[in-house]
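I opened this notebook to record what I looked up in the structure, one topic per entry.

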Amino acid sequence: MSPRAARATMKDVAQAAGVSTSAVSFAFNNPDRLSAETVERIHQVATQLGYVRDPTARMLRTGTTSNLGLLLPQPIDEIFANAYYAELIAGIGQTCTREGLFLLLIPPLKGSLAKSVPVSAVDGFLVVGIEEDRGEIQAIQRQRMPFVVIDGEPLDGVAGVGLDEAEAAGEVTRHLLDLGHRDLYLLVFESGQDEGQTQWHGTLRTRFDGVRHAIAQAGLSGQVRVRVKELPCTREAASKAVRGVWADEDHPSAFLCFSDTLALGALDALNDLGVEVPDQVSVTGFDDVPEARWARPGLTTVHQSIRTKGRLAADRLVDVIAASRAPDEKHSLPEHQLVHGSLVVRDSSGPAPAHGGGSAS
């Protein structure tokens, strides 16, 4: 096998075109400083030699990467098992396409997002569902990097975009209560906290508070049984959990799931077990991903425009990056922008079965 040919350099292009290396740099970065004929000749020679600009050198020269980083709370394979992220990335992609930017997906490095931050070559971060006291935020702030939080707790002086979680969770809870459900089983995504509900923050805490507030507001405190199970946000995990619950004779009247991915997994298990939904048990989700309307039965869920949220967050990050590069200019950046969800009632929810009474636990 012949040795690999050496990669053409800027100096090679300059020699072949009969110009200086500065002229080659201008041809690619500031073509207005050269005549059109010179620029065309340099580009032709570069093409013939197979010259490709070194992106690392460009980043060092300009101090920019043209990359937005999406900091993900889970490994890549788990993220793409959750349709929510496909929609979110599609929305972010709209801004990237318009602005001529790239999107870098950044999962935890050896289980730690804080370790991922300093090794990511980006101009700013989009951070999903992370709270102020977590190491990831501290790592970003130590590097003085622009960032925008999606679906996290509102932070002072930090731009963010998120759903009104408590309002949305309360709406789906009221729907089940109005149908007579008094025994709710909450399937929620993992918090990463060993202490359970008392240590929940951010999205989990706010949604759980929305559920409890709806029960209290309905005057049913002490009359509604609420059980909770944390699990990985995958269909497989939800399906396994629901099979375990149904193996017990103490069945809930409804599974209230904090994501459509978990709700679809619940439906998978119930359909396989021959359990009639909603006659024997109701199932609700959260997000209204495309598959929610195709499920059998169609999934009752909270609709939020995930793509719009992704686009708004990316737009905000572009503004924050611009502000960081021109600190003396005035920039108006709202600290936290709320978007509102709405309940979509489909066939997976119905009146509580006759056995569906419950006592609060």
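**Entry 1: strand pairing**

I began with Ile-150, whose bridge partner in β5 is Val-161. The model I consulted is a predicted one. I then looked up the strands concerned: β4 (residues 147-150) and β5 (residues 160-163) are paired in the parallel sense over two bridges.

**Entry 2: strand β6**

I asked how many residues of strand β6 (residues 183-189) are buried. Six of the seven are, so the rest of the structure largely encloses this strand. I found β6 paired in the parallel sense with β7 (residues 225-231) over seven bridges, and Asp-183 has Arg-225 as its bridge partner in β7. With β8 (residues 254-257), β6 runs parallel and is joined by four bridges; there, Tyr-185 has Phe-255 as its bridge partner.

**Entry 3: salt bridges**

My search of the whole structure returned 17 salt bridges. I examined several individually.

Asp-209 and Arg-205 meet through their side chains at 3.1 Å, N to O. They are four residues apart in helix α10 (residues 202-217), so about one helical turn separates them. Asp-209 is partly exposed at 29% relative accessible area, whereas Arg-205 counts as buried at 18%.

Glu-291 forms a salt bridge with Arg-235, with the closest N and O atoms 2.7 Å apart. This pair links distant parts of the chain, 56 residues apart: Glu-291 belongs to helix α13 (residues 290-294) and Arg-235 to helix α11 (residues 235-247).

I looked up Asp-319 and Arg-316 next, whose side chains meet at 3.2 Å, N to O. Both lie in helix α14 (residues 306-325), three residues apart. I noted finally that salt bridges with shared partners join Arg-98, Glu-99, Arg-311 and Asp-315 into one network.

**Entry 4: Ser-348**

Is Ser-348 buried or exposed? I recorded 0% relative accessibility, so Ser-348 counts as buried. Ser-348 is located in the segment after β12 (342-344). Beyond its neighbours within four places in sequence, Ser-348 contacts residues including Val-277, Pro-278, Pro-297 and Leu-299. I also checked Thr-284, 64 residues apart from Ser-348 along the chain, and found their C-alpha atoms separated by 6.8 Å.

Note on methods:
Residues numbered from 1 in each chain as written. Predicted model: local features only at pLDDT ≥ 70, side-chain atom pairs only at ≥ 80, totals over all residues. Heavy atoms only, no water. Buried < 20%, exposed > 50% of the residue type's maximum accessible area, 1.4 Å probe, protein only. Contact = heavy atoms within 4.5 Å. Pairing = 2+ DSSP bridges. Salt bridge = Lys/Arg side-chain N within 4 Å of Asp/Glu carboxyl O.
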